[in-house]
Each structure stands twice: as C-alpha cells, then as structure tokens.
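Please walk through this fold with me, from the whole chain down to single side chains. Keep the model open as you read.

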Amino acid sequence: MLTGAAVLLGVTAGQAQAAEVSYATKCVPPSGIGLPDVNGTTKVDITAPATAKVGDTVDIVWKFTQAASKNPDIIDLPANSVQPSGTLKAAGAQTADIAMQGPRENPAIPKGGAMTLSDMKGTLKLTAAGQVTLTPDAYVVNALGTNTDCAPTEAVQPAVTITVTAGQGSSGSSSPSTSPSQSQSQSQSPSGSPSSSASTSPSASPSSPTGGDDGRTDFTGKVVDIPYTCASPIGQQKATSPIQINAKKNSGSYDLTVQFKKSVMNSPITIPAGKVKPTMQIVLGGADSGSVKVEGPLNSAPIPQNSPIEIPDLKGVYKPGATGESTLSPGVLLVEAMGTKTTCTPDRTAVSLTLNTEEQASGASGGSGSSSGGSTSTSGGLAETGSGDHGALKALGLVAGTAILLGGAVFTFMPGRRTR
C-alpha cells in the first residue's frame, strides 16, 4: 500500500515522500542497574525521494512521532540531554544498513511528559535500478552518556519505496550491496571517563610533626593518592585522586580542610549552579577511632558540558576522643547532585595527617556528640553515606520504552581539584 501510494498520488521524479510506520519495540536499559526490559510501541515517519537515479545519493529523515514510552512521574529530564541513533534497512533492488543519527536536542521533558526525540538523518547512495524499500529497525537512545537499546519485536513494514532508474552510463542491473560510509558507533560514553588504573599507595607514615608539643596550630597533611570505586545506578567505575588533609588547632579541637588536587572526569551535561554538594568521611585511626564528616559548598557557578568537575575545599571539625597519636585518612566520598547520589568508596586508604591529640568530652572515640561543622561516627567504621538509597536509584531510571539514567546528573566519577 505504501509503495503504491506514491504512484496513485502522482508523485513526480525527485519529489519527497513520507509515510508513518508503527511497530512493537523492546527497549533494554543499561546493564547493572536492575531495571526490567520494557515493551512499547514506536511510531516513525520516514521521508525520502519517491524517485531517483542510479548514482544519486539521497537524503533520508527519520522522525519519531511516538517514542516507546513517556517520562515517568519520577524526575524531570533536562533540555538537550537525549540523542537518538539507529539503523534504517534498505531492501529490494539494493540492500544496505543506513546509519541514522539525530542531534542532542530536546526540550525539557517534565515528569509524565511524552519523550521527545530529535529527527534522525542519513544518506544512501543508490547503486541499482529498481524498487528500494526503506524500513526502520533498531535504535539507541543515548542520555547523558548511557545507552538504552530498542529493537523491533515483530516484522516491520516498509515505510517508503524509492523508484530507482538507470543513470547515465549505468547498465541498470543490480550490483552488490554496499553499506553507507558514514557508519557510526551507537555506544556513547561520557567525555573524560576516569582511568581505572590506581596509583601506588603512599606510605601511611605520619605526614607532619605531631601537634601539641611545640605550640604549633597549623598542620599540613601529606598528599596521598587514593584509588576509589564509585558506585551509581549505572554501575561502577574506578578512579584515583590525590587528596590532602590539613588541620588548624582551635582550642582542644581541630578545624579540618580536605583538598582534592585533581579533576578526573568531565561533566556529561551542563549542571546549573547550586546543584552539586560533596561530603566525605575522614577515617580516624591510631589512638582515636570513628570518622569525621567534612563537606563543601554547593557549586557557585554552572558546570559546562564536558568541563572538569571540581570539588571545592571540604571543611569540618574534629573533636578528639582519645589522647595520643591519632591519624586521619580519606574515606567515603558522597556527591549529591540534582537530587541523586553517587558514592565513592576507597579501595585502600592512606594516612594524610597525624596529630598528637588530647581527649575531649564527647569526642570522636566512644563519644555520642558532634562538633559544630562536622559529625563523628561512634561505631569505629565509616559513617553511613546513603549508598543504599534505592529511591535514588529508581529516580535515575526513565522506565518504560527508554530507561534513561540521570544519575546525579548522570555521572559516575571521583571528582577532584586542579593542582594548586
């Protein structure tokens, strides 16, 4: 019917034709996040010339008139965060897999709103005279560096047919099929993915003279390379960052500052100001035990897409719970962004700072209180970081036809700071 439509409507040579086709679709979310496969319906318009000659290269447009799902009532999807790519099948006088791709352009999609995907475009060089049909096939929805793979679950009907006539110097006979030269990768990774290699662990020996004996109040820690495993709903990645813990004695307590010396990942999207909040647990050892919470301010300026994500100085207050040599080491990092969480746990840690401490009432070791600007754990282990928050995981899945992750602005990373 679709093939005959061009003839019945009297389409002239080279005039564009468009037709919609609908097909059942199965979409598979990114692995490792626990979301089920989703079955939905895809509707697309395919536009191509009705007639052409052998040797012509024709432009083809794939327009989504209905995606396989809506954005669930979980989280808003930012503008310009979704990019489709796919394959259009040419058959008949010529067979080819035509690579199609659209720009990363979409309006902000509110909770419960219809998924809006940009038009995909591709080209086909015609090599044989006859009827060439174009049929939509599998496609990929890339959102902020994660892919959802969608494929037909039934035979799809051709959308349009191009009548190809013999061109000048052509015999008009069929020639072997060729695929277009602009084939593309449909697997897209966020720019600047962190390296999985970890630096050699530095010695855990004290990094500065112990405080208290010489009247000093400022203590500078050693820069230590800490390998992390960062867990988010899209899986796990490893990264290493140099970290330094410094302290300033304030009566019986210490004002702490943690500095990240290196940024190891770029932001996959533009993150607005006031959306990124980092916190860390400093692990206590030696005479003392427990952990101290340090935190940084919200990002004061937007973070452009593909720009380094930098963590500002993290600050907190350490109230010693024991007398003796107490060590401070980097622990679990928690990054909250746009209502979601990414947790980075050290594969191993190292002492950055050693202090001669004097026990304070309600201090860290065995104490139940917390100092202003920081908090302490009384369990002797790392404080709770929220990594078991399953609600956050579900907030990252655009379930139904395209499970698109927004993971803390969709990044799994070990953020850092430029070398000072």
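A contact here means heavy atoms within 4.5 Å. By that rule, residues 24 or more positions apart account for 74% of the contacts in the protein chain with a separation of 6 or more. This is a predicted model, in which local features need pLDDT of at least 70 and side-chain atom pairs count only at pLDDT 80 or more, while totals for chains, interfaces and linings use all residues. Residues are numbered from 1 along each chain as its sequence is written, and side-chain values use heavy atoms, with hydrogens and water left out.

Start with the overall make-up. The protein chain has three helices and 20 strands. Both are DSSP runs numbered from the N terminus: helices are H or I with at least four residues, strands E with at least two. Of the 420 residues in the protein chain, 49% are buried. Buried means under 20% relative accessible area, exposed over 50%, and partly exposed in between (1.4 Å probe, protein chains only).

Now turn to strand β1, residues 16–28. Its covered face carries Q17, A19, V21, Y23, T25 and C27. The uncovered face holds A16, A18, E20, S22, A24, K26 and V28. In a regular strand the side chains alternate between the two faces of the sheet. Strands count as paired if DSSP finds at least two bridges between them. β1 pairs with strand β2 (residues 38–49) in the antiparallel sense, over twelve bridges. There, C27 stands opposite V38. β1 also pairs with strand β9 (residues 146–152), again antiparallel, over four bridges. In this pairing T25 faces P152.

What joins C27 to C150? A disulfide does, with an S to S distance of 2.2 Å. The term covers a pair of cysteine sulfur atoms within 2.5 Å. C27 lies in strand β1 and C150 in strand β9, so the link ties together parts that are 123 residues apart in sequence. The link is right-handed, with 115° about the S-S bond. Both C27 and C150 are buried. A search of the whole structure finds one disulfide.

Next, the interior. A nonpolar core is a set of buried Ala, Val, Leu, Ile, Met, Phe, Trp, Tyr and Cys residues joined through side-chain atoms within 4.5 Å. The largest one has 41 residues, and I46, I60, W62, L124 and L134 have the most contacts inside it. Strands β1, β2, β4 (57–66), β5 (82–92), β6 (96–101), β7 (120–125), β8 (130–143) and β10 (160–165) each supply at least two of its residues. β8 gives the most, with five. I60 touches residues including I46, L88, I98, M100, L124 and L134, not counting residues up to four places away in sequence. Another core lies apart from this one; its 34 residues include L256, M280, L284 and A364.

Finally, look at the rings. The structure holds five aromatic pairs. Rings of Phe, Tyr and Trp (its six-membered ring) pair if their centres lie within 6.5 Å; planes under 30 degrees apart count as stacked, over 60 as edge-to-face and the rest as tilted. F219 and Y254 are edge-to-face, at 6.3 Å centre to centre and 65° between the planes. F219 lies in strand β11 (residues 218–219) and Y254 in strand β14 (residues 253–260), so this pair ties together parts that are 35 residues apart in sequence. Both F219 and Y254 are buried. The rings of Y254 and Y318 have centres 6.1 Å apart and planes at 25°, so they are stacked. Y318 sits in strand β17 (residues 314–318), 64 residues from Y254. Elsewhere, ring pairs link W62, F64 and Y139 into a cluster.
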